[in-house]
Amino acid sequence: MDKTPPPIEERLLRLLHHRSEGLKRGEAIGLPIENTSTFYLPGDPQDGDYSYTREGNPTWTAVEAQLSILEAAPALAFPSGMAAISAIMLTELRPGDKLIMPSDGYYGVRAFAANVLEPFGVSVVHWPTADFATAPIEGAKMILIESPSNPGLDACDINAVVERAHAAGARVAVDNTTLTPLLQQPLDLGADLVAVSDTKAMSGHGDVLFGHVASRDAEAMQRVATWRKVSGAIPGPTEAALVHRGLETVEVRLARMCSNAMAIARRLSRHSKVSGVRYPGLTEDPSHQIMAKQSRDFGFIIGFCLPDKTIAENFLSACTAVTNATSFGSVHTSAERRARWGEAIPEGFIRFSVGCEPLEPLWHDIQRALETA
């Protein structure tokens, strides 16, 4: 039997119509929000589909169906991306285990490793994403990949790391937040588990916290499901419904965001005040060849440096079409001076998340802000 995952285009078609497939005459086409903590359940509790929302909710079921279609794998919803990746770490690792993780990845995950995993007895080795091909995986229980890394946008060959890890007896988890399963499919590349912060581009409107875990390993998913149930790390039905609605437009949003990012990155790379532009879509970018091989597009995040902290802050203040805020992936372009969080990057480094605005007015605003900074 052919178990090859369907092409992403077929997954997207199914995503848009997955709910209508089971509708009965007179039922709502839009997703109802089941705002309830309990469900009517007389008699044997095993006879009901739902009993208590900490264990399951129909609104979650609908969004998990969407996520499962995109991942071509079972998916479980969480109240944030950190809750999702924490569930992977805490169900896969035990005291004495060794974890290899990116030294240049999302600082929240590194903080989790330092504040939870290491005191728990897990040995954590930090390694640059671009050098994961040479990471010291001997004796490792798990390799955590974030490619491209946030915020530096370095990449590694996921399939090559997976093959090396599996040969050494290690599992591989991928934080796929920066690209989403539309642009990169780590499970198709051999990863054991994937986590995504759906707070970002998946929901796409900056109005909800959400995350998910996906895997084709049934035992791993059972461990994650049990962890979610007993820990109470559950999303709310309203949040699930917002993500469900956002996912219906994710393809068209990402197409606009990626095309805008490519054009803006090219223009920034020619600007006299800007240096160190990082965007994997640029042929000269260090991540370009790897990403061209393993992703469908190059994403919507650009990194670049302005001469110093003051000029960077002046630039951000001068932008009227760019929101000065943390996080990324919204329909609205946003940016921040990332070193303000204490990361080991230049003081003038800007993480720039490109949105869905019309390109030319957006670039005009960026250009004007650069000239006046």
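This is a predicted model: local features need pLDDT of at least 70, side-chain atom pairs count only at pLDDT 80 or more; totals for chains, interfaces and linings use all residues.
User: Which residues of helix 8 are buried?
Analyst: Helix 8 covers residues 237–247, and its buried residues are P237, A240, A241, V243, H244, G246 and L247.

User: Let us turn to T59. Where does T59 lie?
Analyst: T59 lies in helix 2, which runs over residues 58–71.

User: Is T59 buried or exposed?
Analyst: T59 is buried, because its relative accessibility is 0%, and the cut-off for buried is under 20%.

User: What is T59 in contact with, apart from its neighbours within four places in sequence?
Analyst: With those neighbours set aside, T59 touches L31, P32, I33 and E34, and also P237, A240 and A241. P237, A240 and A241 are among the buried residues of helix 8.

User: Staying with helix 2, at what angle does helix 1 pack with helix 2?
Analyst: Helix 1, residues 8–17, packs with helix 2 at an angle of about 165 degrees, and the two axes are 8 Å apart. Helix 1 and helix 2 are therefore roughly antiparallel, as angles over 145 degrees count as such.

User: Which residues make that contact?
Analyst: Helix 1 contributes I8, R11, L12, R14 and L15, while helix 2 contributes Q66, I69, L70 and E71. By class, this contact of helix 1 with helix 2 holds 5 nonpolar, 1 polar and 3 charged residues.

User: And is the crossing left-handed or right-handed?
Analyst: The crossing of helix 1 and helix 2 is right-handed.

User: Now helix 3 and helix 7. How far apart are their axes?
Analyst: The axes of helix 3 (residues 81–92) and helix 7 (residues 218–231) are 9 Å apart, and the packing angle is about 110 degrees. That angle makes helix 3 roughly perpendicular to helix 7.

User: Which residues make the contact there?
Analyst: On helix 3 the contact is made by A87, L90, T91 and E92, and on helix 7 by A220, R223, V224 and W227. These residues of helix 3 and helix 7 divide into 5 nonpolar, 1 polar and 2 charged. Helix 3 passes helix 7 in a right-handed crossing.

User: What about the bond from N150 to P151?
Analyst: That peptide bond is cis as well, with omega near 15 degrees. P151 also lies in the loop between strand 4 and helix 5.

User: What is phi of A72?
Analyst: Phi of A72 is near 55 degrees, which is a positive value in a residue other than glycine. A72 is located in the loop between helix 2 and strand 1 (75–78).

User: Is T180 buried or exposed?
Analyst: T180 counts as buried, because its relative accessibility is 0%.

Terms used
Residues are numbered from 1 along each chain as its sequence is written. Side-chain values use heavy atoms; hydrogens and water are left out. Helices (H or I, at least four residues) and strands (E, at least two) are DSSP runs, numbered from the N terminus. Buried means under 20% relative accessible area, exposed over 50%, partly exposed in between (1.4 Å probe, protein chains only). Contact means heavy atoms within 4.5 Å. Axes are lines fitted to C-alpha atoms, for helices over the stretch in contact, and angles run from 0 to 180 degrees between N-to-C directions. Angles under 35 degrees count as roughly parallel, over 145 as roughly antiparallel, 65 to 115 as roughly perpendicular and the rest as oblique. A crossing is left-handed if the near helix is turned anticlockwise from the far one by less than a right angle, and right-handed if clockwise. Ala, Val, Leu, Ile, Met, Phe, Trp, Tyr, Cys and Pro count as nonpolar, Asp, Glu, Lys and Arg as charged, and the others, Gly among them, as polar.
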